[in-house]
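This briefing covers the ligand site and the domain arrangement of one predicted model. Where does the ligand lie, and why?

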Amino acid sequence: MTAAPRPGPVSSPIMLDGSAGGAVCVVGAGYVGLVTAVCLADNGRDVRLVEVEPTRLGMLQQGRSPIHEPGLDRLLAGVVDQGRLRVTGDMAAALRGAGVVLIAVGTPPTEDGGADLAQVRTALDAAIRHAEPGTVLAIKSTIPPGTTASLNRTLVRERLPLVMCPEFLREGSALSDFNRPARVVIGGDDAEAVERVAALFGHLDAPIIRTDPTSAEMIKYGTNSFLALKISFINEISHLCELTGADVDAVADGMGLDPRVGRAFLGAGLGFGGSCFPKDVRALDHTASYHGQTMWMLKAAIEVNAQQRRRFVAKVRDSLGGNLQDCRIAVLGLSFKPGTDDMRQAPAVDIIRHLEDLGASVSATDPVAIPKAAPLLGATRLVEDAYECVRDADAVVLVTEWPEFAALDWVRVAASVRRRVVVDGRNVLDGHALAAMGFAYRSVGRRAILPD
Ligand code: UDX
């Protein structure tokens with residue numbers, strides 16, 4: 001292959017000719033792998049998706065998605081039907097004739113907060129055994145800065161160029177994020193390999209950042225950590241708003257209009273959860289420690305995020321007179337955010353367990369996440385119907401901002417609860433309308449609104 005690109009990020013809004021050189025093999029059918037495979041197939045690529053977990057594999061081969069992601073089921077069924085996406089458990093067969101292999105396996109957290117690279121190593125070993133020389137390997141999994149460079153030392157001997165191509169998809173809007181990315185980042189020392197990967201995304205109207213692998217890795221961690229910092233910052237401000245009488249939504253709007261600040265990710269609430277932010281902030285902190293650096297801001301973001309959940313439980317307790325013993329609490333929302341059934345690091349789990357520890361009995365509902373929540377919440381009554389969930393409740397607590405909950409018939413809710421108390425963890429309900437129905441309404445970083 002050819003000489004390395006010039007070091008340092010170069011941003012260019014180029015549109016390549018799309019010649020990706022053969023089929024694309026995607027390894028791992030988690031969020032990133034599955035969405036990437038389906039979208040590339042939908043864009044006309046010949047894609048093979050490798051999944052080793054038998055239940056997942058079986059569902060995918062029937063064209064059914066194992067995860068809830070808006071629009072994915074339909075698109076998946078279409079590309080499987082048309083033969084543009086083949087799902088297999090056979091890595092050797094999938095690699096035959098592939099021009100690019102995208103590795104999108106999980107990098108779950110280790111006990112000490114690092115990233116477990118076992119699945120990445122297994123995928124690379126398989127690629128070394130089965131890929132033809134010159135096949136470009138690209139890692140989409142989130143791996144700590146410096147990892148690609150160290151893995152590359154082995155692969156160079158095998159004549160398999162390795163590139164880092166981080167992923168920025170959000171759950172719940174993954175398809176549109178894939179098709180309209182803010183940027184594509186490709187880190188590699190082999191210019192031809194970088195271009196082969198760039199060609200896969202060349203049809204997208206997005207700047208492509210070509211850089212070295214370690215900077216590509218750092219861009220991913222830096223982005224997620226910075227967004228997590230923003231969330232924790234506004235949450236810390238929200239507490240001070242409560243102490244001083246300011247309104248955090250007005251504050252965030254006012255701050256956000258300054259283009260240097262930006263309104264995105266200044267949503268005060270219950271803090272960040274999910275499969276990325278909590279894990280990535282800790283992993284970056286872990287990498288820093290390995291290099292002898294202490295990243296105070298990351299530690300603070302993690303602590304504020306944990307505090308925000310504890311403070312919310314205290315708010316629920318205070319709204320019921322300081323004692324939750326024998327109180328019935330109805331929790332609206334379980335998934336870590338709307339639009340997904342993902343329960344990883346969902347605030348609902350910590351909050352419900354804490355409420356139960358304080359003596360409350362909890363009913364909870366969610367439009368899609370109950371099957372995934374059930375194994376985590378053994379003592380909790382999980383019900384599909386929100387009206388059933390709130391019946392005889394002493395407090396209704398909103399944890400995930402599904403639009404369905406704002407759209408409930410709150411007059412009907414008012415008629416069926418035992419006490420009219422609402423605690424809104426996401427600031428999405430209409431507090432004045434609720435107060436007019438007789439509810440005492442509390443939210444995050446704003447004054448309570450009480451009935452007349
Ligand atoms: C995130 C990144 O956005 C994405 O680029 C990366 O690839 C994976 O991690 P995701 O975890 O799907 O995506 O969700 P996101 O919408 O970013 O929200 C993350 C968490 O922050 C959620 O728990 C959400 O509720 C919380 N959040 C987000 C806030 O509390 N306030 C906000 O203003 C925004």
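The ligand lies between domain 1 (23-211) and domain 2 (222-302), because both domains give residues to the shell around it. Domain bounds come from an automatic or database domain assignment. This is a predicted model in which local features need pLDDT of at least 70 and side-chain atom pairs count only at pLDDT 80 or more, while totals for chains, interfaces and linings use all residues. Residues are numbered from 1 along each chain as its sequence is written, and side-chain values use heavy atoms, leaving out hydrogens and water.

**Ligand shell**
- The ligand is surrounded by 19 residues (a heavy atom within 4 Å), the closest being Phe168, Leu169, Glu171, Gly267 and Gly273.
- By class, the shell has 9 nonpolar, 4 polar and 6 charged residues, with Gly counted as polar.
- Helix H9 (residues 213-244; a DSSP run of H or I, at least four residues) gives the most to the shell, with 3 residues.

**Polar contacts** (N or O pairs within 3.5 Å)
- A polar backbone atom of Gly273 is 2.9 Å from a ligand oxygen atom.
- Of the 660 Å² of accessible area (Shrake-Rupley, 1.4 Å probe) that the ligand has on its own, the protein covers 89%.

**Domain interface**
- The C-alpha centres of domain 1 and domain 2 are 29 Å apart.
- Contact (heavy atoms within 4.5 Å) links 13 residues of domain 1 with 9 residues of domain 2.
- The two domains bury about 860 Å² between them (accessible area lost on being put together, 1.4 Å probe, summed over both), with 52% of it on carbon and sulfur atoms.

Note on methods
A polar contact is a pair of N or O atoms within 3.5 Å; within protein, one must be able to donate a hydrogen and the other to accept it, and residues adjacent in sequence count only if both atoms are side-chain atoms. Helices (H or I, at least four residues) and strands (E, at least two) are DSSP runs, numbered from the N terminus.
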